[in-house]
Number of protein chains: 2
Amino acid sequence: MAKEKPSPRGRRRHHGDNRVTIDDVAKEAGVAPITVSRALNTPDKVSSKLRARVDQAVTSLGYVPNLIAGGLASAGTRVIPVVVPSLSILTFIEVVHGIQQTLEDAGYQVLLGSTDFDLDRETSLIDSVLGYSPSGVILTGLKHNDSTVQRLKTWGRPVVEIMELGLPCIDMNVGVDNPRAGACMAQHLLDRGYRRIAFLGVGMARDYRARQRFEGHREVLAAAGVESDLLFTSEEPSSYAAGRRVFLEALAARPDLDALHFANDNLAAGAILEANRQGIRMPDDIAMGSYLGLSLGEHLSPTLTTVSVPRFEMGVEAAKLLLERLEGRPPSQPRIDIGYRLIAREST
Amino acid sequence: MAKEKPSPRGRRRHHGDNRVTIDDVAKEAGVAPITVSRALNTPDKVSSKLRARVDQAVTSLGYVPNLIAGGLASAGTRVIPVVVPSLSILTFIEVVHGIQQTLEDAGYQVLLGSTDFDLDRETSLIDSVLGYSPSGVILTGLKHNDSTVQRLKTWGRPVVEIMELGLPCIDMNVGVDNPRAGACMAQHLLDRGYRRIAFLGVGMARDYRARQRFEGHREVLAAAGVESDLLFTSEEPSSYAAGRRVFLEALAARPDLDALHFANDNLAAGAILEANRQGIRMPDDIAMGSYLGLSLGEHLSPTLTTVSVPRFEMGVEAAKLLLERLEGRPPSQPRIDIGYRLIAREST
DNA sequence: CTGTTAGCGCGTTCAA
DNA sequence: TTGAACGCGCTAACAG
């Protein structure tokens, strides 16, 4: 009622900002700022009468909450950093897509980070994004620097590790059993009667999940008593062109091969397209199987046999797990095996 | 020197958080908190002696700055929201990739948002992310709700609109001239001697940039005096399967067509793969051209003629423009035409 | 259900 | 070059 309060701003305000604040809304609605805050964040804790007054003031003034201030006061922002190795690999993108969609629908924002497969970059990235007081974190893989693991374990907020499955996880885990996925394709090739089977990959020095699939592959072949360590790789990024090259290399080195197990569909697609060009018949001359389940596979000639992984769904599940914890719901289970599915098509 | 200050915390601290703060570092280093702040943010304003003491305290305590608090105090966070229509469309992903890489290298974080091509969602998304006091914003396209445009124009921080080029932009603009790109392919088809040319797209109700390309295409054909409004579309997301379907539909409706102009490479790839299956010869039976420049195009048989757009580079340039302004450098130019390149291959 | 008070952890401003 | 004080805008905690 009185305005002769000694003007709380002893000095000029820091910033020329003239954004409307919660105080402005409170004044306009004739309530205390905290009531505005509650009307916005926990509407059922405010009488419908006041809530209406507040809502109106909010729209009439065009109030937009300062999430930074809210975050500082409540020690948490509705931000979820998502840390992946690379944005040039479709797999991660699709997972991020699932995460993003699920979180955005729940009112959270994704803060995107990429590490280029470098654990030290991962560490510093995580250190820095934790500075935003995020509600949780999603990161890729189960291998991290000790300091990262330590920091996240003592952090006290939900953490989900995605893509791969395995024992020691920081908090929660959604992924695929890579060795078994690799074994699955190897077994399929054996079942189809192939015996001279090679594994073809690229960038396997950094991509240890591909190495895990190769391991599964190798063990199955070894157990079957066939040559198990035929591996062709190159240290370039995965691409159609890379697939073509590794394919040609393998053919040149071992013309007797009867089946190829590619580390992913992109490589396999490059190989199939090249084989088409050269008139190599599949699976008669050589069979091809791979991993991922990209839609391109079903449009190639021959259609591609692959171990398909629900990547988008993996993102969705990871996000759901996080949300469960954030909303205080019973954390059903801290580990989800998202599974895979062998799709046998013409190429084998 | 004395510790009998009446303990600034009249009550318990809000949060059980035991994170180390700038005060802890200051105490450890025997300086004032502000000196720590300066040593970290503006190192040259602190004597090397104190700076060393601070740096050591920082590492020994494992101090990680609270970016939220810093953001509140300085009215700005090193966050850049990037708003795209969809994360399931490769084009946007590649642009985001370029943006992300460039910004992360400069110490900024990307906050990812997607609108599903809905301008109202865009508006509310932008309203909400502005609550994080970001340093700038990158958004897609030049069409937005008036309120969005208004808010961003008066916002006072750099804004970059990407993907398309045109006159009224909010602040800065990096993109492609879609009508000219469409015209370019149409002209190419004419030059090659084709005369019964159709445009095939999907989801063009929402994707007005594809409509713009069709417009450019139409005008060129009309000017050449050939049938110009042959358009086949369906309202489904872009995919290989969709390309196949629209292709078959067009063939069925107009068996006399001699060339197809696809709205993007994915559709064209789906069509080429289907044509391969059916023994349709390209370009003899029918020619195909499209837009994007995906690497898949050069591995198909026939290799695909396309208007290639440097998507990653577009992201890089958008980010650079933003950074220029953020770093107070002369804003070279507020609008960049990223260009396109006709890659004539076997399919035409 | 509503209001009061007191910070959240920093950087800006002003003074030395 | 260093420091003291203040407040960014909001919400947690504690009354009423």
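Visitor: In which loop of chain B does B:Ala75 lie?
Guide: This is a predicted model, in which local features need pLDDT of at least 70 and side-chain atom pairs count only at pLDDT 80 or more, while totals for chains, interfaces and linings use all residues. Residues are numbered from 1 along each chain as its sequence is written, chains are lettered from A and ligands numbered from 1 in the order in which they are written, and side-chain values use heavy atoms, with hydrogens and water left out. Helices (H or I, at least four residues) and strands (E, at least two) are DSSP runs, numbered from the N terminus. On that basis, B:Ala75 is in the loop of chain B between α4 (67–74) and β1 (79–84).

Visitor: Is B:Ala75 buried or exposed?
Guide: Phi of B:Ala75 is near 55°, a positive value in a residue other than glycine. Buried means under 20% relative accessible area, exposed over 50%, and partly exposed in between (1.4 Å probe, protein chains only). The relative accessibility of B:Ala75 is 13%, so the residue counts as buried.

Visitor: What is the relative accessible area of A:Ala75?
Guide: A:Ala75 is found in the loop between α4 (67–74) and β1 (79–84) of chain A, and its phi is near 55°. A:Ala75 is buried, because its relative accessible area is 10%.

Visitor: Which residues form the uncovered face of strand β7 of chain A?
Guide: In a regular strand the side chains alternate between the two faces of the sheet. Strand β7 (residues 231–234) of chain A has A:Phe232 and A:Ser234 on its covered face. Its uncovered face is formed by A:Leu231 and A:Thr233.

Visitor: Which residue of β7(A) is the bridge partner of A:Gly201?
Guide: Strands pair if DSSP finds at least two bridges between them. Strand β6 (residues 197–202) of chain A runs parallel to β7(A), with four bridges joining them. The partner of A:Gly201 in β7(A) is A:Thr233.

Visitor: What handedness has the β-α-β unit of β6(A), helix α9 and β7(A)?
Guide: A crossover is right-handed if, with the strands pointing away from the viewer, the path from the first strand over the helix to the second runs clockwise. With helix α9 (residues 208–223) of chain A as its helix, the unit of β6(A) and β7(A) is right-handed.

Visitor: What kind of aromatic pair do B:Phe92 and B:Phe117 make?
Guide: The structure holds four aromatic pairs over all chains. Rings of Phe, Tyr and Trp (its six-membered ring) pair if their centres lie within 6.5 Å; planes under 30 degrees apart count as stacked, over 60 as edge-to-face and the rest as tilted. For B:Phe92 and B:Phe117 the centres are 6.4 Å apart and the planes at 65°, so the pair is edge-to-face.

Visitor: How far from the ring centre of A:Tyr108 does A:Arg78 lie?
Guide: A charge sits over a ring if NZ of Lys or CZ of Arg is within 6 Å of the ring centre and within 35 degrees of the ring normal. A:Arg78 lies over the face of A:Tyr108, and its distance from the ring centre is 4.2 Å.

Visitor: Which residue of chain A has the C-alpha nearest the axis?
Guide: Copies are superposed by least squares on the C-alpha atoms of residues with pLDDT of at least 70 in both. Chain A is superposed on chain B (RMSD 0.2 Å) by a rotation of 180° with 0.1 Å of shift along its axis. The two copies are therefore related as by a two-fold rotation axis. At 2.2 Å from that axis, the nearest C-alpha in chain A is that of A:Leu111.
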